[in-house]
Amino acid sequence: MLASWLWNPTIKDVSSDIRVKDPERKSIHIVAFGNEGAGFSEDDQQRSLIWTYLGRSALVSETDSSLLLNSTNQLRNPAFTEYQACVFGNVRLLVHDCPFWDIFESDWYTSRNLIGEADIIVIKYSVNDKSSFQELKDIYAPLIKKALNHCSVPVIISAVGARQNEVPCTCPLCISDRGSCVTASEGIQLAKDLGATYLELHSLNDFYIGKYFGGVLEYFMIQCLNQKSEKMKKRKKSHKCHGVKPPQLDQPEKMPILKGEASHYDSDLRNLLFCCQCVDVIFYSEALKEVAEAHRIVLCSVSHVFMLLFNVKSPADIQDSSIIRTAQTLFAADQEAVSPILNPGSSCNSPVRVIVKDSSFCSCLSDILHFIYSGAFQWDILEEHIKKKLKDPGNIELVLERVKCILKIPGKINSSWNCRSYLSKRPLQLCNSNLRLFFNTTVLADVMFKIQGATVPAHRAVLVARCEVMAAMFNGNYIESNSFLVPVYGISKDTFLSFLEYLYTDSCCPASILQAMSLLICAEMYQVSRLQHICELYIITQLQSMPSRELASTSLSVVSLLRKAKFHNSDCLSNWLLHFIASNYLIFSQKPEFEDLSVEERNFVEMHRWPSSMYLKQLAEYRNYIHSRKCHCLVM
């Protein structure tokens, strides 16, 4: 039977499919690499390890072989020999024996596929061929390790032949034949590198082939068959149980996108200078000619010089001689009208009259005030305007130095370059950051709001600039325009303070969703649209970040938020809340507040609900099918 393998080989092209053709039949694929011929005597040169095992093993039957060539079709150097046989009665055994290592160089694709599809890999070498072993260790073993890519494929390394010394030594520590032969220690080290099992086969007799090599190989065959049987059982069970596919859950509808509104804080203050409303300071030249009108709250928010001028701070508070000297030499104010605290007995005090002592500075005052009201950061524009009005370089330098001193921070030196750099880094922030100092203080306050039995001080100039309703209230034919004490109804003190804080600083930070809703109602009452949008975004962000478990257990009523949003004309928020309820239908449908939805709102939620009623119906049918078949559900 074995002779037929040699005398009647079947020549196949390397592109032949080497996969197992019958997937239902159990099979084992073994790939053997290496030439162990030098390990035998000249009489045994034609024999090979795989050839001998297949011929002598009692487990092997129905053997056949064929010779497969490499891509160069050179008959003298076949790439590998293919053996097909049966083991364990009905298990198909497919063996590819590759005696030449150059298959990795001439046909890397085929060698890689062989390794990838192998169930067991056998590496053979002759103990008397040191050069071939060195090539295996240095070149081909790393390639095999890379091709395996951490796969759990068992590898057997067989050191074949008797060393050519008089007495073969099997001691791993022996180095007597290390110069010409491959020692056992070298083979063991190679096996460790590949995670392989190491065998020494001194002869191809029944002991070494049948019991030693054959025993190890058949052990791995049995392990391989057991693993394949387990996989097959799981595959059949899964196919049997899940013949009916689970329903597909669609993604929920995309939530409406709310767009924020850009800040117009800088334009509000700039328009305050041009409209001349709530003016409380008037600048005059030395000839007592009116030059400009302004607001003490804005001037003091950017300059310690004006704080000194209007008695907001004392020289002891400033402790900077240059600022004190500038306030004294540049301006002269009517000291009887510069009290920082408003007299409660009158609606408003008369504007403070300030004389500008420097004629050059006085001629550029309108540009300087525009620079301050614009946020005090456009230094290059101010410098250009001053140069157009003043032709004398000395006067230009003097005026610029005075402006720098007005903007100076006590204790710091401001050069021209430092002023440009410092102001450019804080665009539009000098006023709104420093206006915070005057928020909820009586300093320079000219109006008091009475709310919930308490009083809240404020400054008409800021209110008029930032809120159109306030501007109409304080400048129209309303009682508030001449009143110092203005009552506020329907809003809590904390909410109104948050509203005023936004007007002063252009920012707000609600403490909760309910406070944000209260602030949104206040913003709608006073028609401050940007604050409305900020509150809407805060509510949406908080609800979106709430986990499902918290959303199900919270006492917060989303339906109540929806009612308030609709009542106060917050269309974007109400639309978003409806989609939010629909997207979390299973949670909100279990809450009592769900019954408070109107018929129109209920219809909208049912139409856009997630998951849909159709999906839940299909899921219930799938569950019943799974439970009836006693299988494990893939979905739940």
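Student: What is the handedness of the crossing of α22 and α23?
Tutor: The crossing of α22 and α23 is left-handed. Keep in mind that this is a predicted model.

Student: Which residues are these helices, and at what angle do they pack?
Tutor: Helix α22 covers residues 513-525 and helix α23 covers residues 529-544. They pack at an angle of about 160°, and their axes are 8 Å apart. Angles over 145 degrees count as roughly antiparallel, so α22 is roughly antiparallel to α23.

Student: Which residues meet there?
Tutor: From α22, the residues are I513, A516, M517, L519, L520, A523 and E524. On the α23 side they meet L531, Q532, C535, E536, Y538, I539, Q542 and L543.

Student: And how do the residues of that contact divide into nonpolar, polar and charged?
Tutor: The contact of α22 with α23 has eleven nonpolar residues, two polar and two charged.

Student: Now α15 and α16. At what angle do their axes cross?
Tutor: At roughly 145°, with the axes coming within 10 Å. Helix α15 is residues 379-389, and helix α16 is residues 393-406.

Student: Is that crossing left-handed or right-handed?
Tutor: The crossing of α15 and α16 is right-handed.

Student: What meets what in that one?
Tutor: W379, L382, E383, I386 and K387 belong to α15, and they meet I396, V399, L400, V403 and K404 of α16. The residues of this contact divide into seven nonpolar and three charged, with no polar ones.

Student: Switching to rings. How many aromatic pairs are in the whole structure?
Tutor: A search of the whole structure gives 21 aromatic pairs. One of them is Y585 with F594: the ring centres are 5.8 Å apart and the planes stand at 90°, so that pair is edge-to-face.

Student: Are Y585 and F594 buried or exposed?
Tutor: Both Y585 and F594 are buried.

Student: Which residues form an aromatic cluster?
Tutor: F283, F306, F310, F331 and F361 form one.

Student: Last topic, the chain as a whole. How many helices and strands does it have?
Tutor: The chain has 29 helices and 15 strands. It contains 636 residues, and 48% of them count as buried.

Student: What share of the contacts between residues at least 6 apart in sequence join residues at least 24 apart?
Tutor: That share is 68% for this chain.

Conventions
Residues numbered from 1 in each chain as written. Predicted model: local features only at pLDDT ≥ 70, side-chain atom pairs only at ≥ 80, totals over all residues. Heavy atoms only, no water. Axes fitted to C-alpha atoms, helices over the stretch in contact; angles between N-to-C directions. Helix = DSSP H or I, 4+ residues; strand = E, 2+ residues; numbered from the N terminus. Parallel < 35°, antiparallel > 145°, perpendicular 65-115°, else oblique. Left-handed = near helix turned anticlockwise from the far one by under 90°. Contact = heavy atoms within 4.5 Å. Nonpolar A, V, L, I, M, F, W, Y, C, P; charged D, E, K, R; others polar. Phe/Tyr/Trp six-rings, centres within 6.5 Å; stacked < 30°, edge-to-face > 60°. Buried < 20%, exposed > 50% of the residue type's maximum accessible area, 1.4 Å probe, protein only.
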